[in-house]
Amino acid sequence: MKKIKNLLYQIIPLVAFLSLWELFTMNSPRNTFLFSRPSKVIAKLIEKISDGELIHHFGVTAFEAFAGLVLGVLVGSIIGFLLLYFPKVSKISKYYVIALSSIPIFAIAPMMIIWFGIGIKMKVAMAFFSTVFVAIFQAYQGGQNINKRDAEFFKLNGASDKQRFWKLTFPSSIDWLIQSLKLNSGLAVLGAFIGEFIASDKGLGFIIIRASGLYDVSYVLAATICIIILTLIFNLGATFIEKNKLKIIRRISV
Amino acid sequence: MSSNIINIHNLNFSFPNNPIFMDFSCTFDKNKIITIIGNSGCGKSTLLNLISRLLEPASGNITVNGSFIFLTQHLTLLPYHTAYENALLACELRKAKTKQKETEVDDLFELFKLFEDSKTKFPQELSGGMQQRIGLIQTLSVDAQIYLLDEPLKGVDRVTGLIIQDYIWRKFKANHITGLIVTHDIEQAVLLSDKILFLSANNPAEEFVFDKDFVSLPPDKRLKTDCYKKYMLHIIEKLGELK
């Protein structure tokens with residue numbers, strides 16, 4: 001009962017906003033041209049989903065962002081954990097990582113075109129570079145999160161590096177890794193999207209560029225909704241992992 | 001061969017602005033159970049940390065002639081391992097986890113009054129006293145010549161505590177184990193040990209040795225002797241005299 005009530009409270013602002021928007025644009029062709037209208041956006045969404053166009057482009061962006069996210073988090077986490085074992089290297093590289101992570105992803109997009117062409121590879125690379133630095137940070141911080149006394153216990157009992165990593169370091173940093181996945185799910189979509197925005201012939205970024213060229217605000221907004229949905233799906237995936245972390249860790253660590 | 005299993009010679013150690021040991025020397029006999037008692041902050045736990053090399057002395061020599069295991073006051077119970085897996089953790093890390101060890105741990109769960117359903121629970125679901133007993137099983141299931149136990153019965157109820165003390169005494173005596181036990185519990189010192197070492201800050205350690213007849217008895221028998229009370233009173237008095 002309380003859940004339904006909460007859900008209702010959460011939905012009210014959305015409904016109010018959409019109703020006002022609809023009223024504001026209903027009898028004004030000028031406003032409709034500038035701002036579109038919720039009913040028109042939904043109609044566009046249904047139309048483009050049923051003719052398969054949006055689904056195709058959604059799939060392309062989803063693949064690019066997902067591949068970039070997985071690669072970025074995986075490679076970043078490995079680098080972050082490796083840095084733990086080389087304190088001297090991490091001391092030196094810290095500032096490089098901070099410097100590199102501060103580069104706006106837009107700035108390196110032209111370079112990505114030179115390196116990877118204008119195909120899907122380049123968008124995956126964009127998503128990768130959007131996520132890898134956060135992943136390095138999270139894994140490095142998480143790995144430092146281990147209890148000093150537990151580390152002493154492992155040392156006193158002659159634990160191997162492998163035992164120490166899988167039984168102590170990895171489980172202690174799991175919350176940081178999940179956080180990394182959550183933060184990066186938005187960044188990966190953004191990276192892939194910017195890649196498409198700059199040069200592409202498919203994907204949601206391409207749709208938005210093309211539709212805005214045609215002053216088709218309804219389609220721009222329909223594609224934007226798709227991007228929101230994509231980010232939400234990634235976040236739900238991360239939440240699913242979070243909910244099952246006990247099972248996952250036990251499979252790896254016990 | 002000397003009968004000393006641990007030698008400490010001219011040990012100096014201090015925490016920032018807090019000297020703990022100054023030219024401290026002492027030795028520990030092989031196959032003896034020694035409890036270390038003294039007022040808070042006198043360096044009881046620090047001594048075990050120094051012996052186990054978790055802390056490095058500023059100067060002086062510590063030699064340990066044998067394998068050891070150390071139950072620190074901090075229990076290492078991994079949150080994603082069950083109580084049973086945690087109980088076997090030290091064995092596992094030492095690559096000594098065998099079927100025989102598993103049976104031993106099974107028996108200890110029963111003996112220490114940890115019920116079957118607690119085996120599959122996670123440490124954070126257990127009470128402090130139960131966690132302490134898991135930590136004890138973790139330590140006692142390892143084969144070593146020296147056992148360093150820091151407050152081994154912290155938070156354990158008295159009845160179970162007596163059972164555990166009895167087990168420790170019999171195990172140590174049967175396997176010729178040297179035990180160094182840090183405790184605040186005077187009864188534990190009287191029931192369990194061959195010898196008591198009184199520590200007080202910046203002073204030489206003083207020893208107290210029990211009668212031979214008393215020492216040959218296990219804890220449950222010691223409890224019933226006449227001299228038990230005498231020893232208790234004596235040690236309380238002695239503790240009061242310490243600085």
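In the predicted model described here, Lys113(B) sits in the loop between helix 4 (99–111) and helix 5 (128–140) of chain B. Helices here are DSSP runs of H or I with at least four residues, strands are DSSP runs of E with at least two, and both are numbered from the N terminus. Although Lys113(B) is not a glycine, its phi is positive, about 60 degrees. Most residues other than glycine have a negative phi. Lys113(B) counts as partly exposed because it has 16 C-beta neighbours inside 10 Å. On this scale, a residue is buried if 20 or more other C-beta atoms lie within 10 Å of its own, exposed if 12 or fewer do, and partly exposed in between, with C-beta atoms placed from the backbone.

His176(B) is another non-glycine residue with a positive phi, here of about 50 degrees. This histidine belongs to the loop between helix 6 (158–174) and strand 7 (178–182) of chain B. His176(B) is exposed, since 9 other C-beta atoms lie within 10 Å.

Residues are numbered from 1 along each chain as its sequence is written, while chains are lettered from A and ligands numbered from 1 in the order in which they are written. Because the model is predicted, local features need pLDDT of at least 70 and side-chain atom pairs count only at pLDDT 80 or more, whereas totals for chains, interfaces and linings use all residues.

Chain B as a whole contains 10 helices and nine strands. Along the principal axes, its C-alpha atoms fill a box of roughly 50 × 45 × 35 Å. The radius of gyration of chain B, taken over C-alpha atoms, is 18 Å, which agrees with the value near 18 Å for a compact globule of 243 residues; the globule rule is 2.2 Å times the number of residues to the power 0.38. Of the 243 residues in chain B, 41% are buried. Contacts (C-beta atoms, placed from the backbone, within 7 Å) were also sorted by sequence separation: among those in chain B between residues at least 6 apart, 71% join residues at least 24 apart.

What does the interior look like? In soluble globular proteins, nonpolar side chains tend to be buried together. A nonpolar core is a set of buried Ala, Val, Leu, Ile, Met, Phe, Trp, Tyr and Cys residues joined through C-beta atoms within 7 Å. The largest such core has 73 residues, and Ile36(B), Ile137(B) and Leu148(B) touch the most other members. Beyond its neighbours within four places in sequence, Leu148(B) contacts Leu48(B), Ile51(B), Ser52(B), Phe68(B), Phe70(B), Leu71(B) and Leu180(B). Another core, of 49 residues, lies apart from it and includes Phe66(A), Val132(A), Phe133(A) and Tyr219(A).

Turning to chain A, there are 13 helices and zero strands. The C-alpha atoms of chain A fill a box of roughly 75 × 55 × 30 Å along the principal axes, and 35% of its 254 residues are buried. Of the contacts in chain A with a separation of 6 or more, 79% are between residues 24 or more positions apart.

Chain A is divided into domain 1 (1–35) and domain 2 (37–253), with bounds from an automatic or database domain assignment. The C-alpha centres of these two domains of chain A lie 31 Å apart. Six residues from domain 1 of chain A and four residues from domain 2 of chain A take part in the contact. On the domain 1 side, helix 1 (2–26) and helix 2 (29–35) of chain A each supply at least two residues, and helix 1 of chain A gives the largest share, four residues.

Conventions. Contact = placed C-beta atoms within 7 Å.
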